[in-house]
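Biologist: Hi, I'm new to this one. Could you walk me through it?
Modeller: Happy to, let's bring it up.

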Amino acid sequence: MALSVLLVCTGNSCRSAMAEGMLREMLPGDHLDDVEVRSVGTANLEGMPPTDHAISVTLHHGVDISAHRSSGLTRLALEQADLVLVMTAIHRELIIELDPTAADRTFLLSDYADGSDIDVPDPIGGSVEEYEVVFDMLDGYLRSSLPKLLELAGKT
């Protein structure tokens with residue numbers, strides 16, 4: 001059974017959409033079936049494409065997220081996730097409010113990666129440069145998290 005990782009931000013059109021595509025690209029070929037990656041947003045927007053800057057910045061780095069469509073956070077999505085990685089502390093609070101049983105498997109991405117406890121800022125409405133900063137943050141946190149994810153996947 002694959003490890004189910006759920007990435008969460010607000011609208012699911014920038015940060016978590018980018019992180020979903022990036023993490024999928026980072027998975028080694030022999031682990032593609034070991035980790036299932038999904039993303040959702042707490043604003044519960046359905047069917048929206050990623051922002052133009054999110055698409056262009058990730059594509060510049062070899063990750064195509066243009067087919068992504070936003071999904072809203074649901075209790076079912078939380079119940080199905082083995083690990084929930086959020087962009088901000090507020091997202092974690094919203095998840096615990098929705099489903100208190102998810103608390104022990106919900107982490108701020110930066111905290112899970114390296115214990116730094118730093119929110120990933122929302123670039124919506126910002127410049128390409130702001131999206132690049134977010135991409136770099138996500139890239140670092142996801143790369144730091146990958147060994148833990150693969151180890152966890154081996155135990156599921």
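Biologist: Let's start with Asn-44: buried, partly exposed or exposed?
Modeller: Asn-44 is partly exposed, at 44% relative accessible area. Buried means under 20%, exposed over 50%, and partly exposed in between, using a 1.4 Å probe and protein chains only. This is a predicted model, where local features need pLDDT of at least 70 and side-chain atom pairs count only at pLDDT 80 or more, while totals for chains, interfaces and linings use all residues. Residues are numbered from 1 along each chain as its sequence is written, and side-chain values use heavy atoms, with hydrogens and water left out.

Biologist: Where does Asn-44 lie?
Modeller: In the loop between β2 (35-41) and α2 (52-60). Helices (H or I, at least four residues) and strands (E, at least two) are DSSP runs, numbered from the N terminus.

Biologist: And what is its phi?
Modeller: Asn-44 has a positive phi of about 55 degrees, although it is not a glycine. Most residues other than glycine have a negative phi.

Biologist: Which other asparagine has a positive phi?
Modeller: Asn-12, with a phi of about 65 degrees. Asn-12 sits in the loop between β1 and α1, and it is buried, at 0% relative accessible area.

Biologist: What about Gly-11, buried or exposed?
Modeller: Buried, with a relative accessible area of 16%. Gly-11 lies in the loop between β1 (3-9) and α1. From Gly-11 to Val-133 is 18 Å, C-alpha to C-alpha, and the two are 122 residues apart in sequence.

Biologist: Switching topic, how many salt bridges are there?
Modeller: Four. A salt bridge here is a side-chain nitrogen of Lys or Arg within 4 Å of a carboxyl oxygen of Asp or Glu. One of them pairs Asp-122 with Arg-15, with the closest N and O atoms 3.5 Å apart. Asp-122 is in the loop between α5 and α6 while Arg-15 is in helix α1 (residues 15-26), so this pair ties together parts that are 107 residues apart in sequence.

Biologist: How accessible are those two partners?
Modeller: Arg-15 is buried at 2% relative accessibility, whereas Asp-122 is partly exposed at 39%.

Biologist: Which residue does Glu-20 meet in a salt bridge?
Modeller: Arg-24, at 2.9 Å from N to O. They are four residues apart in helix α1, which means about one helical turn between them. Glu-20 is buried at 9% relative accessible area, and Arg-24 is partly exposed at 42%.

Biologist: And Asp-139, what is its partner?
Modeller: Arg-143, with the closest N and O atoms 3.0 Å apart. Both lie in helix α6, four residues apart, about one turn of the helix.

Biologist: Which residues form the negative surface patch?
Modeller: Asp-111, Asp-114, Asp-117 and Asp-119. Patch residues have over 30% relative accessible area and no salt bridge; like charges are joined within 9 Å, and nonpolar side chains (Val, Leu, Ile, Met, Phe, Trp, Tyr) within 5 Å. Asp-119 is in the loop between α5 (109-114) and α6 (128-155), and it is partly exposed at 37% relative accessibility.

Biologist: How many disulfides turn up?
Modeller: Zero in the whole structure, where a disulfide is a pair of cysteine sulfur atoms within 2.5 Å.

Terms used: Accessible areas come from the Shrake-Rupley method with a 1.4 Å probe; for residues, only the protein chains shown count as cover. Lys and Arg count as positive and Asp and Glu as negative; His and the chain ends are not counted. The place of a charge is taken as NZ of Lys, CZ of Arg, CG of Asp or CD of Glu.
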